[in-house]
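Here are my notes on this model. Please read them with the structure open.

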Amino acid sequence: MARERKPTDPQARAIFELHQRFVEVMEQRLTMVEEQTRLNYLNVMTSLTEKLAVPGKPLSEIVREMMAEAGPILFQVMQG
């Protein structure tokens with residue numbers, strides 16, 4: 001991972017540690033899913049990362065945009 005320095009704020013530290021755990025679990029899970037699911041995940045995470053990287057962009061705006069982009073994929077997964 002690019003960032004290994006843990007935050008000192010307790011809440012930020014908990015989020016940091018949970019994020020690390022999420023990455024570990026998702027890396028394991030992705031080895032067990034079909035290629036199309038991995039591609040969908042890659043597209044969603046790429047878009048989210050790009051949006052988060054925009055300085056000053058409100059999280060509420062990012063969430064709205066991500067719901068519009070990821071919503072159809074989520075519904076497709078739920079039906080299949």
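What covers the buried residues of α1?

1. Cover of α1. The elements covering the buried residues of this helix include α2. Bear in mind throughout that the model is predicted.

2. Buried side of α1. Phe16, Gln20 and Met26 are the buried residues here. Around the axis they cover an arc of only 135 degrees, which means that they sit on the same side of α1.

3. Opposite face of α1. Turned away from the buried side is a face that carries exposed residues. They are Pro10, Gln11 and Leu18.

4. Start of α1. The N-terminal end of α1 is capped by Asp9. One of its side-chain oxygens is 3.2 Å from the backbone nitrogen of Gln11.

5. Length of α1. The helix takes in residues 10-30, 21 residues in total. At 1.5 Å a residue it should span 30 Å, and the end C-alpha atoms are 30 Å apart, so expectation and model agree.

6. Length of α3. This helix, residues 59-79, also counts 21 residues.

7. Kink in α3. Where does α3 kink? The kink is at Ala70, shortly before the proline Pro72. The angle is about 45 degrees.

8. Burial in α3. Ala70, the kink residue, is also buried. Ile62, Met66 and Gly71 are buried in α3 as well. The cover over the buried residues of α3 includes α2, residues 35-52.

Methods. Residues are numbered from 1 along each chain as its sequence is written. This is a predicted model: local features need pLDDT of at least 70, side-chain atom pairs count only at pLDDT 80 or more; totals for chains, interfaces and linings use all residues. Side-chain values use heavy atoms; hydrogens and water are left out. Helices (H or I, at least four residues) and strands (E, at least two) are DSSP runs, numbered from the N terminus. The expected span of a helix is 1.5 Å times one less than its number of residues. The bend at a residue is the angle between axes fitted to the seven residues ending there and the seven starting there. Buried means under 20% relative accessible area, exposed over 50%, partly exposed in between (1.4 Å probe, protein chains only). Contact means heavy atoms within 4.5 Å. The arc is that of the directions from the helix axis to the C-beta atoms. A polar contact is a pair of N or O atoms within 3.5 Å; within protein, one must be able to donate a hydrogen and the other to accept it, and residues adjacent in sequence count only if both atoms are side-chain atoms.
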